[in-house]
Amino acid sequence: MKLLIANWKAAITVTEAMEWLHTFLDYVNTNSIEEKLEANDVHIVICPPFPFLSVVKERCLLYKNINVGAQTISSMGQGAFTGEVTAEFVKEYASYTIIGHSERRKYFHLTEEEIDQQVQQATAQGISSILCVRNEADIIYPDVAHIAYEPVEAIGSGHNAPIQDVLAMKQKLKLPENASFIYGGSVDAENIASYLQTGEINGFLVGTASLHADSFIKLVEAVI
Ligand code: PGA
């Protein structure tokens, strides 16, 4: 199985998201992309901001291999926690969640303890975690199905990590058995094929190149 994850971050509006889906689903429908995704065991995961989760889910409902993910979830369960979005709420719309993205660690001071709780919350609600790690110092939790290696210097910089560095990190990380190994950091239509050729990478977490449907479509073309 391969995952192609679109992480929209806080970078597009709901209007832009609807235009994105219009273009993308039109491409999917007119090129029999669902069949190709299924034949190649590729799953697309679209991660919008929380307020668009339901509308994105609604639009993607009929597509088995086009799934919805959250960009994070609360460390807390349901209760008196003003402003939190819990795994229980998220599971109505999303089957995946990103956890521990380096931007949350950096700007929102996300701690390892909170990450541990988030993984537990996701697991308890049947949401598949995509745990982001910056290097081998970040903790990997045993329940996690997908580990995304995202070197900080490669994120949003246009400087994707060299393939040999990514493969070397794969060896260093203590990946849970059967966990998929995902790479993220300036993945684009030019460099994705070289990662795929290694046969060692089970997916991609994409920010910048996922913000426009046209550039994301090029990535889909590369993985199917
Ligand atoms: P990028 O972002 O593709 O813009 O480097 C990746 C990420 O932050 O997940």
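How many helices and strands are there in the chain? Display the predicted model as a cartoon: the chain holds nine helices and eight strands, taken as DSSP runs (H or I, at least four residues, for helices; E, at least two, for strands). Residues are numbered from 1 along each chain as its sequence is written. In this predicted model, local features need pLDDT of at least 70 and side-chain atom pairs pLDDT 80 or more, whereas totals for chains, interfaces and linings use all residues, and side-chain values use heavy atoms, without hydrogens and water.

Next, select the C-alpha trace, which spans about 45 × 40 × 30 Å along its principal axes.

Then show the polar contacts (N or O pairs within 3.5 Å). The side chain of H101 places an N or O atom 2.7 Å from a ligand oxygen. For the side chain of E150, the corresponding distance to a ligand oxygen is 2.8 Å. At S186, a backbone N or O atom lies 2.7 Å from an oxygen of the ligand. The ligand taken alone exposes 280 Å², of which the protein buries 99% (Shrake-Rupley method, 1.4 Å probe).

How values were computed: Polar contact = N/O pair within 3.5 Å; in protein donor to acceptor, adjacent residues only side chain to side chain.
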